[in-house]
Every structure is written in C-alpha cells, then in structure tokens.
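Hi,

Here is the structure I promised to pass on to you. Have a look at it first, and my notes follow below.

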Amino acid sequence: MTDRLLVALAQIAPVVGDVAGNLAKARAARAAAAERGADLVLFCELFLAGYPPEDLVLKPAFHAACMTALTDLAADTADGGPAVLIGLPWRDADGLHNTHALLDAGKIAALRHKVDLPNYGPFDEKRVFVPGPLPGPFEFRGVRIGVPICEDIWGPAPVACIAETGGEILLVPNASPYRAGVLGERFAVATARVAAVGLPLLYLNQLGGQDELVFEGASFALDADGSLAVQLPAFREALEVVELTRRDGRWRVTPGTRAEVETGVASDYAACVLGLRDYVDKNRFPGVVLGLSGGIDSALVAAMAVDALGAPRVHAVMLPYRWTSSDSLEDAAACADALGIRYDVVPIGVAVDGFEALLAPVFAGRAADITEENLQSRTRGTILMAISNKFGPMVLTTGNKSEMSVGYATLYGDMNGGFNPIKDLYKTEVYAAAAWRNANRPVGSLGPAGVVIPERIITKAPSAELRENQTDQDSLPPYDILDGVLERLVEKEMAVVDIVAEGYDEALVRRIERLLYVAEYKRRQAAPGVKITARNFGRDRRYPITNGFRDPGRPVDLPEVPVSRPSSPVVV
Ligand SMILES: Nc1ncnc2c1ncn2[C@@H]1O[C@H](COP(=O)(O)OP(=O)(O)OC[C@H]2O[C@@H]([n+]3cccc(C(=O)O)c3)[C@H](O)[C@@H]2O)[C@@H](O)[C@H]1O
Ligand SMILES: Nc1ncnc2c1ncn2[C@@H]1O[C@H](COP(=O)(O)OP(=O)(O)OP(=O)(O)O)[C@@H](O)[C@H]1O
Ligand SMILES: NC(=O)CC[C@H](N)C(=O)O
C-alpha cells in the first residue's frame, strides 16, 4: 500500500477517428509521464476514439480498431512504467458503453462505464451508448480510485456511490466543450461533489477543436477540502503530474501549477482561433482564403486566421465593384498589410456586368432589385471558390451570429465556404473581439502584436456596399438593439410579451422573430463554425425549417385540460 501517488493529467488533443494517431499520442504522453515518475496517466473521455465520435462508434471496424489499440497499449504497460486510464467505446452483452479502462502490468485491469449519458445541447450519447451500472472504486496499488466519467459528476449519484463503496480519490475524464461561462459551471459541480464526499477530485478535460466544438482543456485538481490545488492552462496542450499523498488516512493534493486561464472576450477569441486552426489542420488544408472587404467581419476573421495558422497560410482577396468605396479599398489593404498576408485585388465588374448582360433579355421590363445585389455577392463567392479549387486553401465565411439569425447573407454568395470562425459571435461581440485583438496578442498566436484591424474599420458604419450609399442599418435595426432582441429570442427563448416588457418595440421584436424563423433554411445550408455560446446554430438550437408557429405576443394562460378519470379504481 502506497501513501503517495503521482497522477499525470494528459491534456492532449485526440483526432476523432484517427485511432492509430491517438494511440501514438497516448504512447508519447505515457513516455513523458514515465520520465517524470508518474504512477498513472489519465487520458480524457473516449480518448482512443476522439470525442464526440458520433455514429462512427456503431461501425464494427472502428470499434475493432479501438479495441486493438487498447490491447496494444495494455501490452506496453508490462514494462513496469506508469499504468494508463484511457477511454474508448466498449461492447458487452448490454450493448456499447462509453468506457474508461485501467491498463496495468500488461493487462486490462479494470473497466468503468459511464452512467449518465448526456443528451442535450450538442450531446447525443443516448443515441449510441447504453448506460453502465452505478460504479464503485477499483483498487490500484492499494488505493481505491473512483472514475466517474464527465456527465457522471453533473449529478450526485455516481460520486456518492463511489464514496459509499470506499473510494478514496476521484479521477474524472471529460470531454466538456467550451461555451462562455463554462469554467464557472464546471468548478461549481466539481466543488459540490467534493463537498458532498470529502474526496480529492482530478478533472481532466479534452483539448482541441472538433467540427463546431472546441475543447479548451483547463483541467484542474481540487483538494479534499474543495480548494483549487492545480490549474492547467486553457487552449494549449499540457502534461501535468499531480502529487497525492495520504496523511492521517486521508488523501490530499499537493498544491502545484496554477496556470492563468483566459476569461471573457479573451477566451471567446481563443476558442475561435483554436476551433479554426484544428478544423483547417485536422482536415489537412494548406491554408485559407477569404474575401477582405474593408469591413469589420472579414477583418476579424483574417486576424483570427493569422493567429491560428500564421500569415503565409492566409490569402485575402479584395473583390471591388462599382459600389466599393475608396475607404474600403484602403482599409482592406491596410488590414492585410498589418497582418502580413498575401493580398490580391480582383475587380468583379466584368463578371457582374456580364451576368447582367446575359440576363437582360430574360429580365426585360423588370427593375433592378436585390437580384443584382446578390449577383455581386455570388460573383465574389464563385471567384473565392475558384481560388480554393486552383490552389487548395479552404474558403472562410464571415457571417456573424446577428446576420445568421436574420438571414442577412446571400445563399451561394458570401455564404460560400467551408468554415466560419465567427458564426456564434453577435455583431456587438465582433466589435468587442476586434478591439480586444488590437490591444492584445493572444498566447500562442502566430500573428503580429499591435493594431491588426485598422481603427477606421471599427469606427465606420457597417455596409455590405451592394448598392450606392448602402448601410446595414437601411435593412436592420442598430446592432445593439438587434443583438438585445436576438439574445432574448435565441439564447433565452423568451416570449415576445416578456421582451416587449423589457422596453423593446413590439413591431420590431415581431419582425426580428419572423426573420429568425424564416432564415432557418439558410442556416441549414451555412458552413459550420465555432460554438461559443450555450445555444449555437447547429446542435444546440434545432428548429424546424418549415415552421408555422409565431409567438402570439400576449400573455397566454395555459388552458384547463380536461382529463378523464376512471370512475372506479383500476385493479392491475
Ligand atoms: N424555406 C426556404 N427553403 C429553401 N429556399 C428558400 C426558402 N425561402 C426562400 N428560399 C430561397 O432563397 C433564395 C433567397 O435567398 P438569397 O438568394 O440568399 O437572397 P435574399 O435573402 O433575398 O437576399 C440576401 C440578403 O442578404 C443581404 N446581404 C447580402 C450579402 C451580404 C450581406 C452582408 O452584410 O454580409 C448581406 C442582402 O442585403 C439581402 O438582404 C431564393 O432563391 C428563395 O427561393
Ligand atoms: N469588396 C469585397 N471584396 C472582398 N470580399 C468582399 C467584398 N464585399 C464583400 N465581401 C465578402 O463578403 C462578406 C460579406 O460582406 P459584406 O461586406 O457584404 O458584409 P459584412 O457582413 O458587413 O462583412 P464585412 O464586415 O466583412 O464587410 C465579407 O465579409 C467578405 O468576405
Ligand atoms: N461529455 C460529457 O459528458 C459532457 C457533459 C457535461 N455536462 C459538460 O459539458 O461538461
């Protein structure tokens, strides 16, 4: 029996589906942990598969690959080095489990299945996994270790069961995606569990972007008294060996590293950058290309792309038409210059005028309208896709959440593209992020310090420049008002009557509600983008496209529902 245990928290990034690559990363982390004398290395939830593996886990060949990797890794542990606690899908007579396996002395020494399968927000675990029984601890080198898996600590039962059955230490593997404010939520649930059972808790989170999700790491260790003993960084890989010692029969965590973790705008910005970098790199693109208009959205996206990938992998193209102002041309060039990226100017007049000439006989007798505006946007989209096809970079889209909410974007035009780092940032948050980036160079950034988004881009009135003297506010309310209403409709699902009671104009709220519902078809065809809020367009907010509902806009009393009751008791 030992009185000292060194547990390595391997906050590293798996790639969903790349079982061989994940196995190689696990081996490298174990070797590094061995050098630092660790007894045990903890990997995050479903590490060998990557999280979330979605329906991949239902594929027998994929499951077999995970099992082979597990047995190979188990064989490694015969070398007398650290044991391994690692996640994978595991099939037994009940079905497929979300499992963590203890590998020690060359063998699979213990298994723990996840009990509480999350099925809300971006999670769909009940679709592919069956729950395990309430877990007890397993014994490792004379210590009884409990392994509740991620959602298992968000309710009291699994941890209570571990404590009642003699658990002494909680090791919690997670795949908890980023959303604003999540750090506080995680601390609250983890400290509540520690307060209830008085056991130390080591919380290990996944790192990296996976499609729309970003896992920011920010793993930590709580001592048995609930105090924060160790904090790993967010948005970066880390391998931290945490010391636990037994004193007076009780396990305590030795205070260690206390990394500073980004909050507020800094953490939203870092999530956008990590999500973009991993999407581009994991899908093996050489770089990205985007239309740089001289406006704030594309300037911010360009800055994020340079921070994520480095200037040589970012290509900006200014695509002016007759409505493009000289300010826009100057601002786009200045932004590209500040970021140090390749910048081309490709005037689109010949193409747009060509389309208009082609269509003139068909459109005869019709006045110019939004059709001609959309032709400009679609011409730009076509040119960017051509550059993507010719040289290989992926096209970035630049629509913010305010625009995506109300459908202020052109299908097959500025919506063309593969990924959108600012999809879940409202326009007011785009301004905040741009100002923040000009004053801060993010940790780990591959971009320059200093002002990268010229001040005039932030201060001028936003305009799509699709007709003479156009501004966004010709079609939309001021963004602070639009975002206020959207936050209430989208994030809080508030009733129109309650939004109006907070001082918003009823006709405006109804108009925004209508635009929001009607634009669902566009959002379903939009590029994926980084999830920042608890309610992104994608997995979190799933609305029908065909939708006849409109909020009546007045208080609704739930009607009395007549319930027929059996006249005499039912005997079963
Ligand atoms: N439910 C539904 N299911 C499937 N398709 C549906 C549909 N409802 C309409 N449609 C189709 O959608 C098409 C209309 O959509 P679309 O062609 O995109 O055009 P539309 O939404 O009418 O216009 C584009 C809007 O985006 C604004 N814009 C454009 C470019 C840039 C920016 C910017 O600031 O970044 C803003 C522009 O000012 C305008 O308000 C039509 O073909 C229609 O048939
Ligand atoms: N003149 C242009 N040159 C290059 N790209 C453009 C141009 N105009 C529009 N785009 C592309 O289409 C996107 C939508 O642009 P638009 O200017 O119409 O509205 P926006 O949402 O205000 O964006 P931004 O703030 O970047 O201007 C831009 O972000 C940009 O990627
Ligand atoms: N993978 C999971 O079980 C995640 C669910 C959890 N509540 C979280 O976001 O942290």
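Ligand 3 has E45, P118, F123, C150, E151, W154, A175 and S176 around it, where a residue is near if its C-beta atom, placed from the backbone, lies within 6 Å. By type, that shell holds 5 nonpolar, 1 polar and 2 charged residues (Ala, Val, Leu, Ile, Met, Phe, Trp, Tyr, Cys and Pro count as nonpolar, Asp, Glu, Lys and Arg as charged, and the others, Gly among them, as polar).

Before the rest, a word on the source: this is a predicted model, in which local features need pLDDT of at least 70 and side-chain atom pairs count only at pLDDT 80 or more, while totals for chains, interfaces and linings use all residues. Residues are numbered from 1 along each chain as its sequence is written, and chains are lettered from A and ligands numbered from 1 in the order in which they are written.

Now the strands (DSSP runs of E, at least two residues, numbered from the N terminus; two of them pair if DSSP finds at least two bridges between them). An open sheet of mixed pairing has 7 strands in the order β5-β4-β3-β2-β1-β14-β15. Its edges are β5 (107-113) and β15 (250-253), each pairing on one side only. Within this sheet, β1 (residues 4-11) and β14 (residues 238-247) run antiparallel and are joined by 8 bridges, with L6 partnered by E243 in β14.

There is also a hairpin of β10 and β11, with 2 residues between them. D211 in the turn has a positive phi of about 55 degrees. The antiparallel strands β10 (residues 207-210) and β11 (residues 213-216) share 4 bridges, and L207 sits opposite E216.

Best wishes
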